[in-house]
Each structure stands twice: as structure tokens, then as C-alpha cells.
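Have the viewer open as you read.

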Amino acid sequence: MTKRIFRSICLVALVVFLASVVLFMGVLYDYFSGVQKGQLSTQTELAARGVADEGIHYLEGLEINAYRITWIGTDGTVLFDSSSDVNEMENHLEREEIQQALETGYGESSRYSITLMERALYCAKRLPDGTVLRLSMSQNTLLTLTLGMMQPICIIILIAIVLSLVLASRLSKRIVEPLNRLNLDEPLNNEEYDELSPLLSRIDIQQKEIKRQHDALLHKQKEFEAVTENMAEGILLLNASGNVIGMNHAALQLFGVDSSYIGQHILSMNRSIEISKLLSEAEHGSHAETILELSGGKYQININPVTVNGERFGSVLLILNVTEKENAEQMRREFTANVSHELKTPLHTIAGSAELLENDMVKEEYLKSFYSRIHKEAQRMIRLVDDIIRLSHLDEGAADMKWETVDLYEMAEEVIKELDTEARKTNLKMELNGEHVSIVGIPRLLQSIIYNLCDNAIKYNRPDGTVTVTVDNWKEMAVLTVSDTGIGIPPEHQERIFERFYRVDKSRSKELGGTGLGLSIVKHGVKLHNGEIQVRSAENGGTSIQIMLPKDASKMNGH
Amino acid sequence: MRSKFDEQLALLHKELITMGSLCENAIALSAKALDEGNLTMSEEVFDFTGQINQKERDIEAMCMRLLLQQQPVAKDLRVISSALKMVTDMERIGDNSGDIAEIFTMGHITPAHNKLNIHDMALATIKMVKDSIDAFVKNDYKLAKEVIEYDDVVDRHFDQIKLQLIRCLSEPEADGEFALDLLMIAKYFERIGDHAVNIAEWVIFSITGSKEA
């Protein structure tokens with residue numbers, strides 16, 4: 001900017017300066033030349049009078065330095081010259097001014113010297129005797145004058161340059177300063193230059209466009225983040241060389257790392273062979289999956305290579321928690337094995353006894369015990385199958401069971417009556433405390449919950465012990481507690497007693513005749529009623545199982 | 001130019017992690033084979049040993065190429081030279097794991113025999129290897145220090161096993177072959193611990209530039 005302005009100012013200054021120099025020189029030179037010529041011709045006239053009057057003596061008496069006086073004879077020989085020796089001078093007849101003077105009586109001419117540094121002006125006058133008197137004076141040429149003025153001209157040019165530099169820098173500063181002060185955040189609020197307003201309005205439009213796009217992008221990203229961050233599954237994005245580009249919160253937690261690992265290679269987070277294999281699979285462009293143990297659970301990791309137009313951009317890892325699925329699978333396998341085992345045992349007894357009876361291998365007096373054993377085992381099988389049916393029914397959500405209003409207290413009363421004979425066998429005392437509580441539930445299910453709990457309380461009690469059933473209100477819940485004074489459950493078993501076929505003491509349970517499914521039914525039943533179960537027990541210190549049921553669970557279930 | 005170099009360094013880092021992972025698996029597998037008396041597992045250990053040897057050659061070649069082509073200085077030079085040394089130790093860990101598996105396949109050691117706390121020693125050694133690789137991956141000076149200190153634990157285990165074997169041999173019906181094989185295995189574990197210490201020392205070297213004694 002400054003440079004350009006400087007150049008223009010300098011150019012203008014120089015052009016103006018030079019033009020005026022040329023103008024002045026031309027005009028003045030012409031004027032002075034005219035004056036000099038006039039003087040010369042006047043002097044020539046005077047000198048010619050003098051010579052015509054006094055002859056050569058007049059010339060010899062003159063002491064003039066400003067002019068050169070030459071007197072030339074009619075044949076062109078020089079008769080007198082004020083500055084050179086006459087004898088050495090050539091014939092002057094051919095000179096232009098002499099010729100003119102000889103012809104017309106007066107002549108003049110001008111000639112440049114050989115170096116062009118001087119110009120000689122000549123004026124010649126024919127004397128009455130036919131000789132010619134010539135006066136000449138030297139005059140500086142234009143070039144000489146210019147050369148002589150070179151120094152001041154240079155100085156003036158220099159001054160012009162310096163001045164234009166200063167001016168240029170000041171001017172450009174003045175022009176640029178408002179430009180620098182332009183507020184580009186709000187381009188329309190600037191009023192310095194009208195010339196800039198198209199540019200500024202264009203900037204304004206573009207800024208608004210950029211902001212709009214930026215906002216849209218940000219919004220999209222936020223949406224995406226909100227979705228991925230709240231996913232339970234881990235998501236991991238890798239670039240082509242296997243470095244982590246991004247991962248969601250779940251992935252961070254699963255790998256037990258912080259976000260500083262973003263940008264590093266995935267093997268820095270987890271260098272298990274499985275992941276290496278997945279990576280090499282993805283490098284070959286194929287989808288792969290594996291099961292990996294991460295932070296205590298089992299996780300299925302899927303890898304999908306990302307390719308666009310055949311070029312590999314990276315890969316996406318999806319991490320799914322399959323712990324529950326795997327565990328459920330295992331439980332199902334165990335359940336099937338247990339069911340077949342539990343069903344086989346009584347069948348063996350029945351088949352064996354029946355075979356002995358068929359072949360008359362049993363003595364008369366033992367017949368009855370054999371019949372009763374077959375009956376007992378068959379009963380056991382029926383109970384078992386009943387329980388299994390009930391459980392599978394519960395597994396399916398018991399959709400067809402009717403929800404009714406039931407009085408828990410009355411129901412407990414009935415159950416106690418039912419189990420009275422059983423309790424008497426070991427001389428147990430059964431108590432019922434509390435108040436009437438009505439809840440909405442599935443009567444059959446509630447009945448079997450109370451029955452199973454009381455049944456267990458009787459089975460695992462000591463002789464002469466007590467079973468206490470309490471029914472109470474607690475806020476919006478009905479609380480049913482069944483306590484016994486029995487053998488209790490060791491703490492390490494307490495978590496597992498609700499599992500199917502789980503037995504604390506396997507040998508003892510068999511002789512008591514339980515199916516091993518009772519508590520499982522209780523658990524499922526309570527779950528269906530949106531209730532909670534609490535177990536308080538100590539080895540040999542009795543067991544107390546408390547069930548809390550919401551009074552109107554049907555609403556929560558949407559029935 | 002520099003970005004290419006950075007890429008190569010990242011690749012070297014990744015390859016070292018992979019090799020470390022292979023070593024961890026090799027030793028864990030040989031310890032597990034020993035624990036469960038599983039002969040097929042020791043076959044897998046040999047497989048790992050082969051892979052580890054191959055990786056060592058690859059990484060060495062990579063380091064040499066980097067040294068020649070990039071002429072690294074300062075930290076880069078430290079990283080590459082310590083990588084060169086580390087692969088040697090990792091390769092020894094792989095070999096020693098293979099040796100353990102090999103002794104095991106001779107069949108003098110059965111889980112029934114194995115009442116000595118070689119299991120604890122194996123666990124301690126595996127922890128050392130894992131931590132040393134972790135220290136490398138995370139450039140963790142503190143963890144590397146811990147690995148070096150943890151070597152004492154493995155050494156103590158070795159001394160205990162030695163004492164127990166001496167007691168065992170002094171009994172009249174002592175099984176000499178079992179005792180010697182077990183001693184060798186214990187020694188290999190102890191060696192693996194030392195190699196883990198070496199790795200940790202090289203990690204410290206690549207961080208600080210000085211190799212502490």
C-alpha cells in the first residue's frame with residue numbers, strides 16, 4: 001500500500017518537476033538568445049562604423065573580452081582577429097554569415113562547437129570597402145546549462161522523493177487505519193468508507209451463513225453424542241491405522257480408561273489377543289466378533305470395517321454386554337439337567353417297586369410299604385410337575401391369571417389351617433399376628449407364596465419351635481413376614497436359595513420331600529406383584545423372610 | 001517428513017504392544033497348563049513362542065530401518081534404542097515360557113504333585129510381566145519402578161520353593177525327577193521376572209534418558 005502510494009506520488013512530483021524545468025529552460029533560453037543576438041548585431045553595427053572610420057587601428061585599440069572580432073578581407077583572408085593569430089587562420093569566405101553579409105550587407109549564423117558544449121553566435125557586416133567585420137560571442141548551449149543545473153536538480157529530486165515517502169507513508173496510514181479498525185464481527189456497523197459497503201455486506205452474509213451451518217453441525221453432533229453417550233453399549237471408532245478417534249462413555253468405562261486415550265492406538269487400552277485378531281480381520285475388510293471378558297463381565301465385541309468406494313477409512317467397534325445372556329443360558333442348561341435328574345429319581349423308585357411287585361418278589365407283610373412308597377414317589381412327581389408348570393407359567397408372565405382383591409390376613413389364616421396337621425407332626429406352634437390388609441393380586445399365586453414360605457418354615461424348623469406369620473400395613477405396601485425358629489440359612493447360601501433346585505443341604509432336603517422349586521415360585525410370584533423380598537437369617541438362629549407387596553400392583557402392571 | 005517418522009514410531013509402538021501381549025499370553029498359558037495339567041495348552045505355548053520370535057525379527061528390522069533412514073536424535077533415539085533392547089527381553093520371556101511348557105510336557109509334573117506354591121510364583125511373575133508391559137504402554141515411570149521392586153517378591157518365592165524341594169528330597173521316597181523339573185520351572189519363572197525388570201528399566205531409560213542401576 002505505502003509502496004504503491006509512494007510510487008504514484010513520486011512519479012507525479014518528478015513528472016511535474018521535469019516538465020516545468022523543460023518549459024522554463026525552453027522559453028527562457030529562446031528569450032535570452034534573442035536578447036544576445038540583438039546586442040551582438042548592435043555591437044557589430046557600432047564596430048563596423050568604427051572600422052569604417054579608423055580602419056585597423058580602431059580594432060587594435062579595442063579592449064573587449066566579451067566578443068571576438070574578426071575582420072575579413074574581400075577575398076576571405078582574415079585581416080584581424082581579436083583572439084587568434086591572423087596568419088594561422090584559414091580562409092573565411094565560405095562561412096555562412098560572411099556569404100550572407102557579402103550578398104546582403106548583413107549576415108548572421110550560429111554554430112555549435114565540436115564538443116557541443118558551446119554555441120557561437122556570429123554577426124557579420126559588410127563595410128563600405130567590401131570587407132566584412134564579424135563579431136561573435138559564445139553562448140552556453142542548453143546542454144551546458146542543464147549540466148550546470150544538475151546539482152540543484154538532483155537535490156530537488158531527492159527532496160521530492162523524501163517528501164513523497166513521508167507523504168505516502170502518512171497517507172497510507174490514514175487510509176489503512178480505518179480499514180484496520182473495521183469491526184468484522186458486525187460488518188454492517190462500519191461507516192468509514194462507502195466504497196467498502198458491498199464487500200462488508202457480502203462478509204455479513206457469509207458470516208451469517210457460516211454461523212448457521214456451524215450451529216446446524218453442532219446441533220447434529222450434540223444429538224449424535226446424546227444418543228451414543230446414553231447407550232448402554234460401548235461404541236468405539238477407529239481410524240485406518242487403528243487409533244481411537246472417539247468412544248462413548250460406556251466404552252470408556254468398559255475399558256477402564258479416561259478420554260486421554262483418544263488418539264492412541266486401541267492396543268494401548270486393551271492388548272488382548274482377541275482384539276488383535278479382530279483388528280486384523282477388519283484390516284482384511286471383513287466383519288468379525290468375539291467374546292471378551294472386560295471389567296468382570298462378558299462382552300461381545302463386533303467389529304465392522306468402514307469402507308467408502310473401496311478405500312478403508314477405519315472401523316467401528318460395538319461392545320455389547322452379554323453377561324446376563326450367557327448366565328441365563330447357563331442357568332437354563334442347569335435347570336434342564338436338574339429337572340431331568342429330579343424327575344428320574346422318583347421314577348426309578350416307582351419302576352423298581354412296580355417290577356418287584358409284578359414278579360411277586362415282595363412278601364405279603366411288605367406289600368403295603370411298597371404301595372405306599374409308589375404312592376409317595378408318584379405324589380412327589382406330581383408336586384414336582386405341578387411346580388414346574390406353575391414356574392413356567394410364571395416365566396411367561398401369568399397373563400391369563402385373574403387379578404382380584406384379596407385379604408392377605410384371611411389367606412394366611414387359611415394356609416395355617418391347611419398346614420396345621422403338618423405342623424403338629426413335629427409339635428410346632430403356629431401364630432398369626434397383625435391386621436387385615438386388602439391387596440389387589442392373583443389369589444392363586446399369593447396363596448402359593450404364603451404356602452411355600454410357611455411350608456419351608458415348618459420343614460426347616462426344630463421340634464417344639466414356632467412359626468410366626470405377621471401381616472401388616474406399611475404406607476402403600478402390605479408386609480408379610482414369616483419367621484421360624486429353625487436351623488437358619490448360612491450367609492453364603494442366602495443369595496442362592498431362590499435359584500431353582502438350589503438346596504443348602506442336599507441330603508436333608510430330599511428326605512423332607514421338597515421339590516426345590518418353592519422359593520423360586522415365591523420369588524417369581526413376588527416379582528409379578530412388583531414386591532420385594534428380604535431374608536434375615538443366621539445359622540441355627542431361625543429365618544425370617546419378609547415380603548413387601550404394593551397394595552395395588554395391578555395398576556403398575558397395566559392389567 | 002516428520003509426520004512419516006511419527007507414523008513409523010506409532011507403528012513401532014503398536015508392534016511392541018502386540019509383542020508384549022503375546023508374551024503375556026505365552027506365560028499365562030504355560031502357567032495355566034501347569035496348573036491344570038493340560039498338555040494341549042503347552043502346544044499352544046509353542047505356537048506363541050514362534051510368533052514372538054517372528055515379531056522380534058520384524059521389530060528389529062523396523063528399528064534398524066528407522067535408525068538408518070531417519071537418523072533420530074534425543075528422545076526418538078532413546079525410544080528406538082530401548083525398543084531394540086526390549087524386544088530381546090520379550091523374546092527371552094517367550095522362550096522361557098516355551099521352556100516351562102516343554103518341561104511340563106515331559107510329564108514328570110502332575111497337578112497332584114504340585115502342592116508347592118509354584119502357582120503363587122507364576123501369578124507373581126505374570127503380574128510383573130503385565131505391569132512392565134503396562135508401564136511401557138502408558139509410559140508410566142512409577143509403575144516401572146514398582147515392577148523393579150516387585151522382583152524381590154518373585155525371588156522370595158523362588159527361595160521358598162528351593163527350601164521346600166530340599167525338604168522334599170530328604171524324604172526317603174522322594175521323586176528326584178519331579179523335584180529337579182520343578183526347580184527348573186521355578187528358575188525359569190525367576191528369569192522371566194528378571195526380564196520383566198529389564199523391560200521396566202528400558203521403559204525408565206526411554207522416559208528419563210538414564211538407566212538406573
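Helix axes here are lines fitted to C-alpha atoms over the stretch in contact, and angles run from 0 to 180 degrees between N-to-C directions. Helices (H or I, at least four residues) and strands (E, at least two) are DSSP runs numbered from the N terminus. This is a predicted model, where local features need pLDDT of at least 70 and side-chain atom pairs count only at pLDDT 80 or more, while totals for chains, interfaces and linings use all residues. Residues are numbered from 1 along each chain as its sequence is written, and chains are lettered from A and ligands numbered from 1 in the order in which they are written.

Chain A has 18 helices and 17 strands.

Two packed helices are described by the angle between their axes and the distance between the axes. The table gives both values for one pair in each chain.

| Helix pair | Angle | Axis distance |
|---|---|---|
| α1(A) (residues 2–54) and α5(A) (residues 150–180) | about 150° | 8 Å |
| α1(B) (residues 2–36) and α2(B) (residues 39–70) | roughly 160° | within 9 Å |

α1(A) passes α5(A) in a right-handed crossing, meaning that the near helix is turned clockwise from the far one by less than a right angle, whereas anticlockwise is left-handed. Residues making this contact (C-beta atoms, placed from the backbone, within 7 Å) include Phe6(A) and Phe17(A) of α1(A) and Ile157(A) and Leu165(A) of α5(A). They divide into 17 nonpolar, four polar and no charged; Ala, Val, Leu, Ile, Met, Phe, Trp, Tyr, Cys and Pro count as nonpolar, Asp, Glu, Lys and Arg as charged, and the others, Gly among them, as polar.

In chain B, α1(B) and α2(B) are roughly antiparallel to each other (an angle over 145 degrees). Their crossing is left-handed, and the residues of their contact comprise 16 nonpolar, eight polar and five charged.

Now for the backbone. Most residues other than glycine have a negative phi. Lys475(A), not a glycine, has a positive phi of about 50°. It sits in the loop between β14 (466–474) and β15 (477–484) of chain A. Is Lys475(A) buried or exposed? Lys475(A) is exposed, with 8 other C-beta atoms within 10 Å.

Asn139(B) also is not a glycine, and its phi is positive at about 55°. Its place is the loop between α4 (118–138) and α5 (141–170) of chain B, and with 14 C-beta neighbours inside 10 Å it counts as partly exposed.

Technical notes. Two residues are in contact if their C-beta atoms, placed from the backbone, lie within 7 Å. A residue is buried if 20 or more other C-beta atoms lie within 10 Å of its own, exposed if 12 or fewer, and partly exposed in between; C-beta atoms are placed from the backbone. Angles under 35 degrees count as roughly parallel, over 145 as roughly antiparallel, 65 to 115 as roughly perpendicular and the rest as oblique.
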